[in-house]
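Visitor: I'm new here, so please show me around. Let's have a look.

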Amino acid sequence: LFKEFIEDGLRDRVLQLYQRGKLTQRCAAEILGITLREFLELLEEKCIPINWDSDSIKKYMKEKYGE
């Protein structure tokens, strides 16, 4: 029960930092120990808008699929 409390607090804090633009999606997912896809699903579940900027999209696409 205590572990769940800590995990919930961490998740909520990471989501707050993401919403304020202090964390990228990738960094937030890494902190939570989940995949980027799982993080995006968490955002959808919590009705948090996705902060897409063209630089992060380009970087993700380059890393995922190459130039």
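Visitor: Are Y18 and F39 buried or exposed?
Guide: Before anything else, this is a predicted model, where local features need pLDDT of at least 70 and side-chain atom pairs count only at pLDDT 80 or more, while totals for chains, interfaces and linings use all residues. Residues are numbered from 1 along each chain as its sequence is written, and side-chain values use heavy atoms, with hydrogens and water left out. Buried means under 20% relative accessible area, exposed over 50%, and partly exposed in between, using a 1.4 Å probe and protein chains only. On that scale, Y18 and F39 are both buried.

Visitor: How many aromatic pairs are there, and what is the geometry?
Guide: Rings of Phe, Tyr and Trp (its six-membered ring) pair if their centres lie within 6.5 Å; planes under 30 degrees apart are stacked, over 60 edge-to-face, and the rest tilted. By this rule there is one aromatic pair. Y18 and F39 make it, with 5.4 Å centre to centre and 85 degrees between the planes, so the geometry is edge-to-face.

Visitor: Which helices does that pair link?
Guide: Helices (H or I, at least four residues) and strands (E, at least two) are DSSP runs, numbered from the N terminus. The two residues sit 21 apart, in distant parts of the chain. Y18 belongs to helix α1 (residues 2-19) and F39 to helix α3 (residues 36-45).

Visitor: How many helices and strands does the protein have?
Guide: Reading along the sequence gives the pattern α-α-α-α. The count is four helices and zero strands.

Visitor: How are α1 and α3 oriented to each other?
Guide: Axes are lines fitted to C-alpha atoms, for helices over the stretch in contact, and angles run from 0 to 180 degrees between N-to-C directions. Under 35 degrees is roughly parallel, over 145 roughly antiparallel, 65 to 115 roughly perpendicular, and the rest oblique. α1 and α3 pack at about 85 degrees, with their axes 12 Å apart. That makes the two helices roughly perpendicular.

Visitor: Which residues make the contact of α1 with α3?
Guide: Contact means heavy atoms within 4.5 Å. The α1 side supplies R11, V14, L15 and Y18, and the α3 side supplies F39, L42 and L43.

Visitor: And how is α1 oriented to α2?
Guide: The axes of α1 and helix α2 (residues 25-32) come within 10 Å. They cross at roughly 170 degrees. So α1 and α2 are roughly antiparallel.

Visitor: Which residues does Q25 contact, and is Q25 buried or exposed?
Guide: Q25 lies in helix α2. Leaving aside neighbours within four places in sequence, Q25 is in contact with Y18, L36, F39, L40, I50, N51 and W52. With 8% relative accessibility, Q25 counts as buried.

Visitor: Which residues does Q19 touch?
Guide: Q19 is in helix α1, and at 46% relative accessibility it counts as partly exposed. Not counting residues up to four places away in sequence, Q19 touches I48 and N51.

Visitor: How many disulfides are in the structure?
Guide: A disulfide is a pair of cysteine sulfur atoms within 2.5 Å. C27 is partly exposed at 29% relative accessible area, and C47 is exposed at 69% relative accessibility. Searching the whole structure for disulfides gives zero.
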